[in-house]
Amino acid sequence: MAKLKDSKKHITEKKKWQGGRPDLNEAEKRTIFYGFRIDEKENIIFQKLFSQSGANTISEFIINCIFERPFHTIVTDKSAMQICEKLSQICMEIRKIGVNYNQVTKAINKNITDKKAIVFLQKLEKATIEIAVLLRKTSEISEKYTQKWLQK
């Protein structure tokens, strides 16, 4: 008899938990449903706003809009991204030139002949000119960016 009672207890415990989401409290349940219709133009605008909002679901987005809860709009500017890409490419080039610059100065500091030293100094001069050109490019790009986006 004791074994039979234990097995029934085990079966009822299994039935209590069936997986899935936990039950909500009565206060947290949303039982009222509203539906509305929109045309194609409004749907395009709606989908655009929804994608910019960062909301996980459409109902969350609509509730936030109705009750004036703040939601985030994410705007990406392609021209700013292009400027950042150009600046990062220029930084990489400057870094490469700097590595070459260091290699040349190390070679000059070693005991080398005069002819080799002259060749290395020419390479150093060339690298210095390249760095100056790249720095001018970065300043031009940053000036364009400030004029376009940081207007007072």
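Author: Start with a definition. Rings of Phe, Tyr and Trp (its six-membered ring) pair if their centres lie within 6.5 Å; planes under 30 degrees apart count as stacked, over 60 as edge-to-face and the rest as tilted. The model here is predicted: local features need pLDDT of at least 70, side-chain atom pairs count only at pLDDT 80 or more, and totals for chains, interfaces and linings use all residues. Residues are numbered from 1 along each chain as its sequence is written, and side-chain values use heavy atoms, with hydrogens and water left out.

Reader: How many aromatic pairs does the rule give?

Author: In general, two things describe a pair of aromatic rings: the distance of the centres and the angle of the planes. Here the count is 2 aromatic pairs. Take F46 and F61. Their centres are 5.5 Å apart, with 70 degrees between the planes, and the pair is edge-to-face. F46 sits in helix α2 (residues 40-53) and F61 in helix α3 (residues 58-66), 15 residues apart. A helix is a DSSP run (H or I, at least four residues), numbered from the N terminus.

Reader: What about F50 and F61?

Author: Their ring centres are 5.8 Å apart and their planes meet at 65 degrees, so this pair is edge-to-face. F50 is in helix α2 and F61 in helix α3, so the pair ties together parts 11 residues apart in sequence. F46, F50 and F61 form one aromatic cluster.

Reader: Are F46 and F61 buried or exposed?

Author: Buried means under 20% relative accessible area, exposed over 50%, partly exposed in between (1.4 Å probe, protein chains only). Both F46 and F61 are buried. F50 is buried as well.

Reader: What should helix α4 span?

Author: The expected span of a helix is 1.5 Å times one less than its number of residues. Helix α4 (residues 78-109) has 32 residues, so it should span 46 Å; its end C-alpha atoms are 47 Å apart, which agrees. Among the buried residues of α4 are I83, I90 and I97.

Reader: Which residues is T138 in contact with, leaving aside its neighbours within four places in sequence?

Author: Contact means heavy atoms within 4.5 Å. T138 belongs to helix α5 (residues 114-149). With those neighbours set aside, T138 is in contact with L87 and I90. T138 has 16% relative accessibility, so it counts as buried.

Reader: Why does A132 count as partly exposed?

Author: Because its relative accessibility is 31%. A132 is also in helix α5. A132 and I94 are 38 residues apart in sequence, and 9.5 Å apart in space, C-alpha to C-alpha.

Definitions and conventions:
Helix = DSSP H or I, 4+ residues; strand = E, 2+ residues; numbered from the N terminus.
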